[in-house]
Amino acid sequence: MIRRLLAVLPCLLLSARGADFPEPYNSEKDKSAEPPSAAEAVKMFTLPDGFEATLFASEPEVRNPIAMAWDHRGRMWVAENFTYAESGKRFDLDLRDRVLVFEDADGDGTAESRKVFTDDLQMLTSVEVGRGGLWALCPPNLLFIPDKNGDDIPDGEPEVRLDGFTVAKGNYHNFANGLRWGPDGWLYGRCGHSCPGRLGLPGTPDAERIPIEGGIWRFHPERGVVEVLTHGTVNPWGHDWDEHGELFFINTVIGHLWHGIPGAHFKESGGNDPNPEVYERLDMHADHWHFDTTGNWTASRDGKANDFGGGHAHIGMMIYQAEQWPEEWRDRLFTLNLHGRRTNVERLEREGGGYVGQHQGDLFLTADPWFRGIDIQQGPDGSAYILDWSDTGECHDHNGVHRTSGRIYRLSYGAPAKPDLSDLAKITPEAARRLLTNPNVWFDRQLRQRADESLAPLLKEILEGETDTVLRLRALWTLHAIGQTTPELLTKLLDAKDEHLRVWAIRLLTDAQSIDTILGPREEAMPVSFPEIERFITMAKSDESGLVRLTLASTLQRLPLPQRAELGAALASRNEDEGDHNLPSMVWYGLIPLADTDPLALVHVAETCHWPDTLRWISRSLALRGAKSPETLDALLALGAKSDPATQSSLLRGLTEAYQGKRKVPKPTAWNAFMESLPEDPELVRLASQLGSLFGDGDALAALQKTAQDPEAAPADRVAALENLIAQRPADLRKLCEQLLDAEFLRATATRGLAIFEDPALGEVLATRYPDFAPSERPVLLEVLVSRKAWTAALLARMKNGTIPRADLAAFHARQIRAFGDAALDGQLAEVWGEIRDSPEGKRQLVEEWKTKLTPAALATADKGQGRILFEAVCSSCHVLYGKGGKIGPDLTGSGRSDIGYLLDNIADPSAIVGAEYRMLILTLKDGRVLTGIPGGESGETLTLRQIAGEITLEKSAIAKRETSPLSMMPEGMLVSLPADQICDLIAYLQHPTQVPLPDPEEKSP
């Protein structure tokens, strides 16, 4: 049994609001597993000299703590989540979540009292206190529970203030979370990319909602406005502001540290940005990783990444701003590293237009294997407080939830003094000054929630008369929170000496302007004009601060469209920002809408821009609209004819990217003059020749044919030339491709060229030549053979006679064959590859049959090494495991593969739950081919399809029919197509938590 807190601490004063609260239960398979006692666990920390860990609270008084907040009385509000469940349940809605209030009245680091504020919530991920009550995030809703008199008893039922925080089907994490008041008076939160939502006030029509697909959002309670500030990353679960009000947040799986730049589009773990004009996304803002990136992120578990910082999973974040800790830890960023069971420390340094995080080391390591730190915040005494979920699993393990434990630790230095909270009880001007000047930022943040208009004279006096930047910023933020800033006051601050005051003047001047959504601006939210635009343009041209310029670039997305180009051009004229991590991308994100509303304005920006990436994106965007606005593309090329070679290279690369997958493009009027202006640079000539062939230039086409056939030419140049010829389809293309089937490095590309021709004899030729193809070339040949019915028949016939190994046919190809809907081919497929049970009853029966076969004893004797070989032969073409494999299906490394039921259900019925990004796209082309794959991106005229052998980009005009199937690309026949011993080996391998070695090469493989 869990040792009760009574054994170690004074009994907490209990107060329960609901006697019928369902008793939380543990759902792990191993019912005997228990964490070390709270008294033992607190001793397991390894701390720097002078630091001490004490137990603020633990089970049974707190269990499954998921988030915390503070009120002005110095009390900690804790969200307990019991409804989160394991695979198969996702949430147990027979349970409820609750919010507790803890108080440490004597300041000794141990809570003496505990109250239950509410125990009638579900799917609770976060809480915050302020504005007359409690805010609770319970996806899909943001709730407000009023308690105006502060008696810790709700004044009424929860009110839904926002909704649309979707909980995705089949997903077990990435939920909306992280409520915290920002310095600007808005309520901030986070959301993971696997739970895309559409945010709005209750009753908002779908067309007016704000889309979110991962990132940071904010809500203004009084104005009833919600914004999504950043887009992307994977699963942000921690954020904070530094002393200058700069937002940073922490993330899991990919890069860990991000500067919360409003309007930024950040990298995700895969896929494309929902905005097709965001061609490239920003990477993280740290100069290091906490795991070995030469392998897979999942290999950072179990201490394997301790030398790097502990691993890929980061939860909770605090920027320490007080004097209780020694100087070396002040203004440092702290985040909890899940697998490393430690706190990573980052030093934030200014770099260019933004910041970079540098690894300072690790702190507060614990030997407790149950430690699952989930939140870290600074308290009123200057100590840090850490919530410990206390479990052995994580979101990917699906091994059950241990609900009966939980801990809260205080980490302090020396003997913290009991905090004096009297100034927050009654806020006078004298008290407000003391709160603003308190080195512990906790007091300033509490003041902002309780201040009113009576403090305006004091705040203006501080803002205008003091010299300390942080103090002036605190006064400015509080003035804004109480609605007492004016355009005149903020405009005056644009001339402030300190860059941070200028930054916040820009932000607050545009605070009421709506920022672009992930898909672009909303017309109804765009102002007609912005009066300070000329000042902004002047600052963009002359301000020495990169952070000010970054803020102006971010602000582009809040400005009226007609006023964006001048500011964008001024920013892009700053050559010193060419290689900046953020600025070239942020300026482009703000200019994107002009490609449709005022494309010539982008040419104007290009006149003064020498940033290669921004120029390339301008060129690409205008080229995509060349048919609609040819004069704009001509203007860009005319500009390019007068430009330096670096600018010309950027423009050519943008055109090349825009026309990928296109067969022919009308030649721009200005093309010949542009060509004549090019210097004799081999790379520029190569790019121009490829484009010239698209424009119907006969000389360029002849040059490509010569390169493709030249055995002395570089292999990459020959492949590129042949790809261009395939796109152009000259009269002798078939003959050329047949000749090049014997050319090393060109065989696969030539096969793609032959796929164009509807001739059963070609299918026979290609199937016969299958053994001549290298293993790396065969996936392309297989995709070509299964694209036509007659060619598929030739393939299956040779599989039947053993010429082509049946193991080479992946599940992806089987699904492609099934997409024809041809009974004869289905029969041939069943004969050589395996029969597929389509009915739900058949699939369920199959799963049950295999559950009886795959007993623990049978799996214990399975050969996991042979299972790995089988996985690499059959599954890895579509799935990544331990960093290797294709990306047609989900990455299996972090899935619930330890659960036999999970594995069998997904193998027998892979289409039961299919994420939108993995739904099969079936394309019937006008030349007779049928292609299947996963959507890989789309523009106005082209579509990219992801297949095993790579991506293929097609002109939409070549597509006769397009269907999105609810089915997975993976068919259901694997459990009947493979021998029982191989299935057992495969399942044992998949269930194993770490990579297994390959068997000795002398051993026989399947």
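R734 is partly exposed, with 27% of relative accessible area. In this predicted model, R734 is joined to E738 by a salt bridge whose closest N and O atoms lie 3.3 Å apart. E738 is also partly exposed, at 35% relative accessibility. Both residues belong to helix α22 (residues 733-740), where they stand 4 residues apart, so about one helical turn separates them. Side chains of opposite charge can pair when their charged atoms come close.

Another is formed by D152 and R75, with the closest N and O atoms 2.7 Å apart. This pair links distant parts of the chain, the two residues being 77 residues apart. D152 sits in the loop between β9 (141-146) and β10 (159-163), while R75 sits in the loop between β3 (65-70) and β4 (76-80). Are these two residues buried or exposed? The cut-off for buried is under 20% relative accessible area. D152 has 6% relative accessibility and therefore counts as buried. R75 has 3%, so R75 counts as buried too.

A further salt bridge brings together the side chains of D381 and R410, at 3.0 Å from N to O. D381 lies in the loop between β25 (373-378) and β26 (384-388), and R410 lies in strand β27 (residues 407-413), so this bridge ties together parts that are 29 residues apart in sequence. D381 and R410 are both buried.

Salt bridges can also be linked to one another. D184, R218, R223, E227, D511 and R558 are linked in such a network.

The next topic is the nonpolar residues. In soluble globular proteins, nonpolar side chains tend to be buried together. The largest nonpolar core here has 168 residues. The members that touch the most other members are M76, F102, I408, L567, W588, Y659 and W671. Which helix gives this core its largest share? Helix α8 (residues 499-509) does, with 7 residues. Apart from this core lies another one, of 47 residues, including F773, V784, L795 and V930.

Two packed helices are described by the angle between their axes and the distance between the axes. The axes of helix α24 (residues 760-768) and helix α26 (residues 789-800) come within 8 Å and cross at roughly 30 degrees. Angles under 35 degrees count as roughly parallel, so α24 is roughly parallel to α26. The crossing of α24 past α26 is right-handed. On the α24 side, the contact is made by P760, L762, G763, E764, L766, A767 and T768. On the α26 side, the contact is made by A790, W791, A794, L795 and R798.

Which residues does A794 contact, leaving aside its neighbours within four places in sequence? They are G763, E764 and A767, and these three are among the α24 residues that make the helix contact. D543, by comparison, is 69 Å from A794 in space, C-alpha to C-alpha. In sequence, A794 and D543 are 251 residues apart.

How values were computed: Residues numbered from 1 in each chain as written. Predicted model: local features only at pLDDT ≥ 70, side-chain atom pairs only at ≥ 80, totals over all residues. Heavy atoms only, no water. Salt bridge = Lys/Arg side-chain N within 4 Å of Asp/Glu carboxyl O. Buried < 20%, exposed > 50% of the residue type's maximum accessible area, 1.4 Å probe, protein only. Core = buried A, V, L, I, M, F, W, Y, C linked by side-chain atoms within 4.5 Å. Axes fitted to C-alpha atoms, helices over the stretch in contact; angles between N-to-C directions. Parallel < 35°, antiparallel > 145°, perpendicular 65-115°, else oblique. Left-handed = near helix turned anticlockwise from the far one by under 90°. Contact = heavy atoms within 4.5 Å.
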